[in-house]
Amino acid sequence: MRKSVHIKSYGCQMNVYDASRMEDVLSPMGYDAADAMEGADLVILNTCHIREKAAEKVYSELGRLRREKAARKGTDRPMRIAVGGCVAQAEGEEILKRAPFVDLVFGPQTYHRLPLMLRQLESRGRAVVDTEFPADDKFDQLPPAGELDGASAFLTVQEGCDKFCTFCVVPYTRGAEFSRPVDPVLREARLLTGKGAREITLLGQNVNAYHGAHPEGGEWTLGRLIRALAEIDGLERIRYTTSYPAEVDEDLIAAHRDVPELMPFLHLPVQSGSDKVLKAMNRRHTAGGYKDVVARLRAAQPDLALSSDFIVGFPGETDRDFEDTMALVRDVGFVQAYSFKYSPRPGTPAADMGGQIPEDVKSARLHELQDELNRQQIAFNETCVGREMPVLFDRPGGREGQLVGRSPFMQAVHAELSAGYLGEIVNVMIDRAKPNSLSAVVSSKQEAVA
Ligand code: SAH
Ligand code: F3S
């Protein structure tokens with residue numbers, strides 16, 4: 001009899017990718033993916049540890065799951081609860097102390113062993129914890145990608161981070177930098193395209209540090225990989241995230257100039273506009289260095305739209321430092337961005353630094369920053385009105401007869417289109433801008449363009 005697994009992912013896109021690979025691993029064991037958590041035989045919380053709030057969400061969800069598990073105890077449909085992802089990696093056995101009803105705890109580098117963990121759970125009858133960083137390559141052990149969820153797919157090409165920004169848990173939870181070799185990456189991309197992916201987003205915590213081994217010797221940069229991917233028939237859009245400013249090289253800049261499949265949108269976190277704060281964060285770039293990279297990218301691809309991440313209220317950040325961040329934002333111009341109050345994370349150097357910033361100051365700065373970022377986003381959306389652009393429609397809209405897709409610049413675009421256009425790239429005319437999305441009329445329906 002088939003069983004069901006529901007995976008709830010928190011945090012970054014890599015968790016979304018990992019969740020789909022967990023489904024691929026569990027499918028041969030008889031598990032089908034379920035949309036609802038209620039009634040599932042196995043529930044996996046694929047967690048995020050990046051900020052305190054993200055990590056705490058897990059425990060409130062576990063509280064709810066405990067009640068359902070208790071209600072189903074002794075029935076013929078008992079419930080198993082697993083905690084995966086970065087909270088699991090960071091807390092390990094501790095999770096069982098706070099939530100003893102959890103059955104499995106595993107990290108981002110061990111989910112390929114889920115079948116083994118489930119068998120151990122059944123044979124031993126007690127919780128299994130596996131948060132090692134195994135030496136074998138997780139990706140070698142995973143089965144080929146299964147079903148796609150729409151025409152836009154994620155593909156992890158690089159994992160882990162060696163940058164050790166002083167605020168960040170990623171180097172501890174995801175481990176050291178690792179690049180997948182070129183061959184399996186190209187194979188996975190062809191497989192995804194064969195299954196209907198028109199767009200692939202290459203993922204890595206530090207994706208532009210990619211240096212994958214090539215079978216004929218040597219290593220490929222991300223720019224080289226993008227050129228090879230662009231050759232795949234049917235693959236019409238390529239994106240990559242997340243990049244580190246100090247590692248944007250000439251090869252990647254040239255790819256933005258030469259490869260039409262590479263979308264003119266880049267998420268390039270800067271964190272702060274103050275050199276003093278950037279130094280304390282152990283970022284290996286200055287504000288000027290960031291602006292220089294942006295200028296070189298824009299020289300190669302004048303249409304390039306930028307997104308970024310910001311942290312306000314890092315220890316020691318003065319009003320003056322914050323003003324430097326505001327100045328950088330005004331100077332560079334972003335079409336969207338993520339901004340956060342600094343959240344001290346146990347075990348990271350910044351958590352123990354002097355000069356921690358009071359909550360009300362953080363809130364006021366965040367507010368001011370977000371006002372400016374929102375203003376820029378709306379201004380950019382408004383410049384799109386009256387423009388024709390190709391949109392990849394990949395999900396149904398809120399209303400009957402409506403589809404939603406993505407513009408080249410990552411904006412959500414709504415249009416009146418029948419479901420037959422799902423998975424298609426259609427030229428549309430933008431007729432209205434909203435703060436977080438655009439609406440469009442179809443200008444040349446039959447013409448799917450690359
Ligand atoms: N390169 C990474 C970035 C990881 S974290 C990637 O894979 O996307 C995403 C963003 O969260 C960071 O760019 C940073 O702006 C924010 N962040 C990380 N640690 C944080 C902390 N302790 N407090 C607040 N924001 C944080
Ligand atoms: Fe985190 Fe800095 Fe790496 S933000 S993921 S340590 S580049």
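Q: What is the relative accessible area of Arg330?
A: The model is predicted: local features need pLDDT of at least 70 and side-chain atom pairs count only at pLDDT 80 or more, whereas totals for chains, interfaces and linings use all residues. Residues are numbered from 1 along each chain as its sequence is written, chains are lettered from A and ligands numbered from 1 in the order in which they are written, and side-chain values use heavy atoms, with hydrogens and water left out. A residue is buried under 20% relative accessible area, exposed over 50% and partly exposed in between (1.4 Å probe, protein chains only). Arg330 is partly exposed, its relative accessible area being 47%.

Q: Which residue meets Arg330 in a salt bridge?
A: A salt bridge requires a side-chain nitrogen of Lys or Arg within 4 Å of a carboxyl oxygen of Asp or Glu. For Arg330 the N to O distance is 4.0 Å.

Q: Is Arg80, a salt-bridge partner of Asp103, buried or partly exposed?
A: The closest N and O atoms of Asp103 and Arg80 are 3.8 Å apart. Asp103 lies in the loop between H4 and S5 and Arg80 in strand S4 (residues 80-84), so this pair ties together parts 23 residues apart in sequence. Asp103, at 8% relative accessibility, counts as buried. Arg80, at 23%, counts as partly exposed.

Q: Which side chain has a polar atom 2.7 Å from an oxygen atom of ligand 1?
A: A polar contact to the ligand is a pair of N or O atoms within 3.5 Å. A polar side-chain atom of Thr242 lies 2.8 Å from an oxygen atom of ligand 1, and a backbone N or O atom of Ser343 lies 2.8 Å from a nitrogen atom of the ligand. The distance of 2.7 Å to a ligand oxygen belongs to Gln271.

Q: What percentage of the area that ligand 1 exposes alone does the protein bury?
A: Among the polar contacts of ligand 1 is that of Gln271. Accessible areas come from the Shrake-Rupley method with a 1.4 Å probe. Ligand 1 taken alone exposes 550 Å², and the protein buries 87%.

Terms used. A polar contact is a pair of N or O atoms within 3.5 Å; within protein, one must be able to donate a hydrogen and the other to accept it, and residues adjacent in sequence count only if both atoms are side-chain atoms. Helices (H or I, at least four residues) and strands (E, at least two) are DSSP runs, numbered from the N terminus.
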